[in-house]
Amino acid sequence: MEREPAVSAPLPETVRERALSTRLPAYVYDLNGLRAHAAAVRAATPVEVFYAAKANPDPRLLAALGPYVDGVEVSSGGELAHVRTALPGARLAFGGPGKTDEELASATGGRPPVDRLHVESPHELRRLAALRRETDVLLRVNLPVAISGAALRMSGPFGMDPEALGVCLDLLERTPWLRLRGLHAHLASGLAAEPLLQVAAQVLGWARTWMDGPKEINLGGGMAVDYRDPGARFDWAAYGAGLESLRYPDETLRIEPGRALTAYCGWYVTDVLDLKRSHGEWYAVLRGGTHHLRTPVTKGHDQPFTVLPAGGGPVASGPVTLVGQLCTPKDVFARQVPVDRLAIGDVVAFSLAGAYAWNISHHDFLMHPKPGFGYIDC
């Protein structure tokens, strides 16, 4: 895979001050920026917005998002219990493959019960029916639609083929305590507004042939975040206008953004422990590593960063590879990125670290100290 150089991201002054004054390594979350971004998304989006908690379930981020979303999507019993505590009374949708009997019972019998349960297979629906609890369900369908440019295709274990829906309908006719509200179809991730609208149009076209009467269609998430260009953001205005033009009057549309809501509010901040040359190339060894910020090695990109001069030791310039403290060559934040100056003791602030970062990382590998967490909230 050809890698493009990481691009330095603008650093708010409040984040800069916190980065230079906190114990490192640390996550710094700008809750003021998150609220402003969420408010803009809310204003541009004329459909229901559920935040996908898997992107970042930090309780303070959830609380900041609460006023701007219609609910929260969870994908495990652990997330369900966590969000029930962090946002009491919030509307919850429970999705994800491989739900256990205990999770189904908690989703339908806990307080509050989930607003929607996304059914992934006929077998899951049978187990849900056996509980004999009134539940509003969406059937998750895996449609063979045309998709180009996606970072991920959500196929395989996610949802069911259209042919399996007939089995579910037969069961639903015999279980009146389960109320079919519509369909769920999250098919791809990492798309810009126009291709995501093209997917939505195909999903809605198919759904209208399958359902009679008022329809509820959850289109999932998948809004792109560009790690090569931190200043470029998903075009929420175009996407919202497009959804408005696609929606029929009797339809309820819902989306589930995660990364595109919270990625921009977070920074992973650390410092340079060592600089060395190996086979003619500069390497900067940073405190921490991908056990704190696994995103770049997982997605195969260079995490954008800003250098804050703070050290007075040896200096490197030109292309530098930024690595962590782990005993693996995969512990890399960014490869051969040009820098004007980087010294031992300098602080490095990695941007776009507000989603799929700390919560998706392998925290206990080598048992290094965990990072601190700071919040800008005024």
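Buried means under 20% relative accessible area, exposed over 50% and partly exposed in between, with a 1.4 Å probe and protein chains only. This is a predicted model, where local features need pLDDT of at least 70, side-chain atom pairs count only at pLDDT 80 or more, and totals for chains, interfaces and linings use all residues. Residues are numbered from 1 along each chain as its sequence is written, and side-chain values use heavy atoms, without hydrogens and water.

**Exercise 1.** Classify Tyr239 and Phe234, then describe how their rings meet.

*Solution.* Start with Tyr239: its relative accessible area is 2%, so Tyr239 is buried. Next, Phe234 has 7% relative accessibility and therefore also counts as buried. Now for the rings. Rings of Phe, Tyr and Trp (its six-membered ring) pair if their centres lie within 6.5 Å; planes under 30 degrees apart are stacked, over 60 edge-to-face and the rest tilted. The whole structure holds 14 aromatic pairs. In the pair of Phe234 and Tyr239, the centres are 5.3 Å apart and the planes stand at 75°, so the pair is edge-to-face.

**Exercise 2.** Work out which residues of helix H2 are buried and how they are arranged around its axis.

*Solution.* First, list the buried residues: Leu31, Leu34, His37, Ala38 and Val41. Then look down the axis of H2: these residues fall within an arc of 120° (taken from the directions from the helix axis to the C-beta atoms), so they line one face of the helix. Finally, turn to the face away from the buried side, which carries the exposed residues Ala36 and Ala43. Helices here are DSSP runs of H or I with at least four residues, numbered from the N terminus.

Note on methods
Helices (H or I, at least four residues) and strands (E, at least two) are DSSP runs, numbered from the N terminus.
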